Amino acid sequence: MMDRRASLRARLPRRWPAWLLHDTYALPIDIFRVLVGVLALAYFSSLLIEVPDFSSPDGLLDHRLLQRVFWFTRLSLFQAGLGDAFFYAVFSLACVASTGIIVGYHPKRCAAVLYLITVSTYRWNFIVMYVDDAIMHLMLFWLLLLPIGRTLVLAQWWRDGRASGRAWLRVTVSGTALWCLLGNLSLVYLVAGLWKLESPMWKQGFALYAMVRLPIAYGPDFWGPQHLPLLQVATYAALAIEPLLPLLLLLRAGHPLKWVGLLCLVAFHAGIIATLRIPFANLACLAAAVLFFREEIMLALTRRAGIAFERDGTRALDRSGKLALAFLALLTVAMTRRLPVVGLLSHPAYAALWSIGIAQDYQLFNWIDKKNWRGETHAWSVAAPSRVLLPADSLFPRSLRGVLLQAYLHDVRWMKVPEEHRATLKQSILAQAAGRYCRARPADDSIVVSAVIQRIEPTDVALKQRAHTFLMEFQCRKRQAVLCRTFVHPDRDPQCRWPAWANDSLAEQSD
């Protein structure tokens with residue numbers, strides 16, 4: 001019996017393709033590790049800055065309500081009752097752990113800590129989660145599976161100097177997890193690109209124009225109808241390039257079309273970075289180019305160092321490789337939800353992914369037809385004898401999360417909200433925004449808030465159609481907010497007394 005088991009184990013590796021078990025050089029993987037560490041440091045620094053607005057219990061999100069509505073987000077390190085000091089400490093720790101990944105100090109342990117913090121953060125701030133959060137926690141997850149930390153270790157360089165650099169050029173590791181990561185990235189490009197073909201705006205060539213006019217863009221007012229022809233060409237180019245990127249980037253080393261793929265990859269992501277406020281996801285995808293071009297990088301480095309470039313043989317499938325293959329298989333099943341019959345398996349697959357912290361979707365900008373929303377919130381102080389227009393960020397920050405949160409007020413939902421909780425969530429957002437305003441100002445005040453809403457559509461390229469919507473009235477009393485009425489609950493609280501001169505103005509805003 002034992003001989004049969006040993007024989008079976010000996011035969012198992014032969015069932016896998018040779019390229020999947022082939023060794024790869026460790027240096028490109030650790031270059032990728034360093035780049036992800038730098039991005040993680042910047043990402044957690046941004047979360048540290050956003051603590052007062054989002055992670056804090058006094059911020060814009062009612063976390064108790066969110067954990068009640070989205071019960072599955074309770075599987076997290078963060079629970080209701082935690083104060084600001086906790087989040088400042090956790091994100092500061094994350095910055096330290098990011099530095100550990102960069103310098104190669106126990107990088108897998110640091111990645112594990114960061115992964116837990118990232119997963120807990122996006123679940124804590126669930127309704128304002130976006131693609132940067134999704135890609136960053138995915139990259140950190142892959143650092144747990146990749147063979148990292150063999151090279152580019154600061155302690156080794158400090159001890160051995162330049163000799164360590166030559167030694168690093170010869171280090172090889174198992175390539176199975178690397179191939180699985182490249183498969184994961186290829187799925188992202190392929191499926192996201194194919195799904196865009198179902199979008200009317202993408203097929204009309206209007207999608208990129210609509211996106212650069214969204215409030216998530218850096219300069220939404222820079223663009224106008226005169227730019228539409230150029231953006232139509234860019235839209236069709238993106239439709240053609242995105243699903244082809246995996247085919248180009250996975251060509252053999254040195255293939256001319258592979259370099260074309262690199263140019264397309266850089267142009268694709270650089271264009272998004274230059275126009276939209278989602279830098280981390282796109283920089284992470286650019287960092288992965290190091291892995292697609294690992295052989296070209298190593299050939300150049302070994303030639304310069306006078307070392308023969310060699311491709312070593314295969315090795316047995318290790319535990320990380322098996323986990324990486326299982327994870328990639330689970331992701332593949334999860335993406336089949338639009339396919340008949342097999343799509344039924346996507347739901348348990350998503351549940352399994354969620355249980356290990358993964359929240360990955362392949363919808364990259366194919367949502368533009370339903371979320372082509374553009375809005376601007378206006379707030380006035382009416383305590384004085386005349387209305388005073390308040391700064392645009394008095395209620396909601398100018399950040400991308402601030403924009404995503406305001407969208408829920410206008411039924412543009414980035415996360416599915418059960419219908420019975422939608423009114424409660426809107427009222428909560430308004431109450432938290434009013435509280436944020438009042439805590440920052442010592443004087444009592446009376447505020448009226450409205451919004452100007454537009455839909456970015458091919459029939460209104462110049463964005464001349466707009467709707468004025470009343471949002472709420474509230475008062476600040478000793479730095480505490482009192483909601484007088486909102487569009488959710490339009491009856492005014494009898495305890496709120498507004499200046500008589502302001503009634504006509506408020507009625508005008510309500511209309």
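**Exercises on cysteines, aromatic rings and strands**

Cys285 is buried, since its relative accessible area is 11% (buried is under 20%, exposed over 50%, partly exposed in between, with a 1.4 Å probe and protein chains only). The model is predicted, so local features need pLDDT of at least 70 and side-chain atom pairs pLDDT 80 or more, whereas totals for chains, interfaces and linings use all residues. Residues are numbered from 1 along each chain as its sequence is written, and side-chain values use heavy atoms, with hydrogens and water left out.

**Exercise 1.** Characterise the disulfide between Cys438 and Cys476 by distance, handedness and location.

*Solution.* Begin with the distance: S to S is 2.0 Å. Next, the torsion of -80° about the S-S bond goes with a left-handed link. Then locate the partners: Cys438 lies in helix H22 (residues 419-439) and Cys476 in strand S6 (residues 467-477), so the pair ties together parts 38 residues apart in sequence. Helices (H or I, at least four residues) and strands (E, at least two) are DSSP runs numbered from the N terminus. Finally, Cys438 counts as buried at 0%, and Cys476 at 1%.

**Exercise 2.** Classify the ring pair of Phe141 and Phe327, and state what it connects.

*Solution.* A pair of aromatic rings is described by the distance of the centres and the angle of the planes. Rings of Phe, Tyr and Trp (its six-membered ring) pair if their centres lie within 6.5 Å; planes under 30 degrees apart are stacked, over 60 edge-to-face, and the rest tilted. By this rule there are 25 aromatic pairs. For Phe141 and Phe327, the centres are 4.5 Å apart and the planes make 45°, hence a tilted pair. Phe141 belongs to helix H8 (residues 131-145) and Phe327 to helix H19 (residues 319-334), so parts 186 residues apart in sequence are tied together. Phe141 is buried at 11%, as is Phe327 at 4%.

**Exercise 3.** Determine how strands S3 and S5 pair.

*Solution.* Two strands pair if DSSP finds at least two bridges between them. S3 (residues 373-381) and S5 (residues 445-455) have nine bridges and are antiparallel. Arg374, for instance, has Gln454 in S5 as its bridge partner.

Note on methods:
A disulfide is a pair of cysteine sulfur atoms within 2.5 Å.
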